[in-house]
Structures are given as C-alpha cells and as structure tokens.
Amino acid sequence: MSDEAHMRAALQVAARGLGNTWPNPSVGCVLVKNGVVIARGWTQPGGRPHAEVEALTRAGEAARGATAYVTLEPCSHHGRTPPCCDALIRAGVSRVVVALRDPDGRVDGRGLARLRAAGIAVEEGLMGAEAAALNAGFIRRVTQGLPIVTLKLASTLDGRIATASGESRWITGEGARRAVHALRARHDAVMVGSGTAIADDPELDCRIPGLDPVPMLRVVADARLRLPLGSKLVAGARSQPTWVLTGAGHRPASLTPFIAAGVEVVTIRRTAGGGLQPRAMLQALGARGVTRVMVEGGANLAASLLKAGLVDRLVWFHAPAALGAEGLASLGSLGVGPLAAMPRFRLLDSRRLGADIMSDYVKE
C-alpha cells in the first residue's frame with residue numbers, strides 16, 4: 001500500500017473521535033512495518049490518551065523501525081499527557097509522516113523539529129487538506145477562538161417547522177431523526193434557543209443503539225433566562241453538561257436555582273435589541289474548549305447566526321409536504337436587501353431518508 005493509502009486509513013480512524021475529544025483535536029495514527037499495518041490508534045474520549053500513544057501501546061515492541069502515519073503533528077508539550085513526539089522517539093519508530101502541522105502555538109513545528117533532532121525521518125503535508133477539513137473545528141478554535149457551526153433545519157418544502165398552533169412532531173420521519181442523532185454524535189455541543197427549549201422541552205441527547213459517546217454538551221441561548229427550572233434540560237444537568245447563555249443584569253436569586261441544579265450560567269454581551277450577540281456566544285463556547293457546535297433552532301437563533309456569517313455548514317432535512325404561510329417559518333428575519341446580500345451555500349451531498357431528503361451544504 002502507498003503512503004497515501006495509509007494516511008487515508010489514519011484519517012478514517014481519526015473521524016471516530018469527532019464529538020468526543022474536545023477541547024483536543026481528533027487525531028488518527030497508523031503504524032506500518034515492512035508494508036504491514038501493525039497497529040492503529042485514535043484520540044480517546046475526553047482527548048486522552050492521544051492517537052499516537054494508543055497505537056504505540058497496541059504495537060508494543062513491534063513499533064521499533066516502523067513508520068507512523070499521523071493526521072496532525074505529534075504534540076511536543078506537557079499537558080494532561082506527556083508529549084507524543086517523545087513517545088514516538090522512545091518507541092524507536094524510524095519515520096513519521098504527518099498530514100498537517102498543529103496550529104496550536106505550543107506545538108506548531110516543535111514536534112516535527114524534535115522528531116528530526118532524534119534522527120527520525122519526517123515528512124509533512126500528505127493529505128493536509130483532508131486533515132484540515134477533519135479538524136476544522138479545532139483549527140478554528142485555536143486560530144480564531146470560535147467553533148465551527150452546523151445549522152440543522154428540519155422543515156416542509158416551503159420551509160415551515162410547525163403549524164400555526166406549534167405542532168411539529170413529526171414533520172420528518174424516523175430515518176431523518178436517526179440521522180440527526182448521528183449528526184449530533186459528531187459535534188461537541190448541540191445548541192437551541194430558549195423558545196425551542198420551552199416549546200419542545202427536548203433532552204438534546206444522542207440516542208443511537210450501540211453508540212456510547214461522551215455525554216453531549218447542551219447549550220441554551222436564553223437572553224431573558226426563560227428556561228423553566230422543571231425542563232428536561234435543567235433536570236438532567238448533573239448527568240449531562242448543560243450551559244445557559246444569558247445576558248447580564250439578572251438578579252442573583254434568579255441564577256441560583258440553575259446553578260444549584262448543575263447548570264453552568266454564562267453571561268454574554270447583548271445586542272442593542274436585548275438579544276445575545278452571535279459572535280460573543282460562539283467566543284464563549286470557544287473559550288471553554290468547544291470546537292464543533294450543532295444548532296438545532298429556533299428560527300431567531302438560526303437567523304442571527306446566518307446574518308452574522310457564522311454558519312459554516314447547513315444540513316436541511318426536508319419533508320415532501322407543505323404548510324403554507326400560516327405555518328411557523330424555519331428562519332427569522334435576515335434583513336436581506338439586495339439578492340447579493342443573501343447568505344449562500346454550496347450543495348455537497350443529498351440523499352433520501354425514507355420519504356425525506358437530507359441535503360448537506362457548506363458556506364460559499
């Protein structure tokens with residue numbers, strides 16, 4: 001097999017950790033000796049052990065003289081774990097092929113330099129674009145302080161998410177709902193507005209048979225602190241991390257019951273209209289280590305992020321039905337004037353899920 005084939009395999013195992021490794025990146029490592037794969041490893045839940053250590057542990061003494069294919073530069077600093085470049089040196093690997101340099105200022109070439117100083121042959125850049133796409137959230141957080149944002153919409157063909165009375169269960173079918181849970185599993189956090197949290201009383205968890213991810217972070221954008229204390233989100237906050245993003249100025253007595261229930265309350269700058277500033281919300285998530293956030297509604301939260309140009313990916317589940325103008329719209333006001341000001345996306349993929357269609361877009 002070629003170097004590219006082995007790196008592709010490393011990228012495939014790295015993808016297994018998406019949604020489970022934040023604030024760390026999800027990295028893959030494949031060890032090859034005499035043309036034979038001897039071990040694979042990927043970043044474990046919570047970000048440790050790292051991929052290289054996982055692979056080296058599985059390989060044992062067989063790692064000596066092997067080539068390591070790693071999707072991101074091995075770390076060179078002491079964090080929660082010792083440096084991975086030191087582990088590769090101690091194991092006696094003879095060659096390291098790295099897809100992408102780590103943009104973290106604590107690494108950024110230092111790991112590669114240490115490997116070369118130890119006499120290990122190092123090659124950099126193989127399938128770097130693919131590695132960058134895989135860890136786009138980590139890169140965005142490290143370089144800009146923001147997570148990447150996926151907006152999920154589930155609507156009728158005419159963009160309606162509920163009847164005029166608020167009935168919404170279920171516009172899309174079982175296959176679409178399973179796909180939503182699979183999508184959640186690849187994100188660090190799922191975020192909704194307070195209106196959605198009140199209307200639907202969701203759990204925002206990830207229910208896929210056989211899948212046991214790290215408990216998903218649930219985030220509610222709630223400028224006025226309207227989330228009921230009896231909601232499922234508050235009730236489950238001790239077993240599943242739950243953050244409420246709200247504006248300043250609330251009385252301490254209003255915050256105390258949320259904190260006592262295990263909710264983390266995060267104060268966010270307000271807009272002139274009293275809402276929460278979209279970029280400030282994402283900055284708060286990024287500052288706390290979140291790399292990938294999936295936004296599931298409501299209409300005003302989705303519109304505010306789109307208007308601010310902060311949505312990187314849009315996944316639209318559309319049912320073959322229509323509700324008309326009296327139905328509730330999937331998006332609030334965007335304030336679009338000329339057509340040139342519309343947020344635009346490029347279609348990546350579209351597939352059928354039962355009677356529904358799932359379309360995957362990226363920002364132009």
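**A helix, a sheet and the cysteines**

In this predicted model, helix α11, spanning residues 278–287, is mostly covered, with 7 of its 10 residues buried. Those buried residues are Pro278, Ala280, Met281, Leu282, Ala284, Leu285 and Gly286. In an α-helix there are 3.6 residues a turn, so residues three or four places apart point the same way. Just after α11 comes Gly289, which takes a positive phi of about 100°.

Next, the sheet. Nine strands form an open sheet with mixed pairing, in the order β11-β10-β9-β8-β12-β6-β13-β16-β15. Its edge strands are β11 (264–267) and β15 (345–353), each of which pairs on one side only. On average, and with direction ignored, neighbouring strands of this sheet are turned by 20° against each other.

Strands β6 (residues 148–155) and β13 (residues 313–318) run parallel and are joined by 6 bridges. Thr150 stands opposite Arg313 in β13.

That leaves the cysteines. How many disulfides does a search of the whole structure find? The count is 0. Cys29 is in no disulfide, and the nearest cysteine sulfur, that of Cys84, is 8.7 Å away. Cys29 counts as buried because its relative accessibility is 0%. For Cys85, the closest cysteine sulfur is in Cys75, at 6.6 Å, which is too far for a bond, because a disulfide requires the two sulfur atoms to be within 2.5 Å. Cys85 is buried, with a relative accessible area of 0%.

Key: Residues are numbered from 1 along each chain as its sequence is written. This is a predicted model: local features need pLDDT of at least 70, side-chain atom pairs count only at pLDDT 80 or more; totals for chains, interfaces and linings use all residues. Side-chain values use heavy atoms; hydrogens and water are left out. Two strands pair if DSSP finds at least two bridges between them. Helices (H or I, at least four residues) and strands (E, at least two) are DSSP runs, numbered from the N terminus. Axes are lines fitted to C-alpha atoms, for helices over the stretch in contact, and angles run from 0 to 180 degrees between N-to-C directions. Buried means under 20% relative accessible area, exposed over 50%, partly exposed in between (1.4 Å probe, protein chains only).
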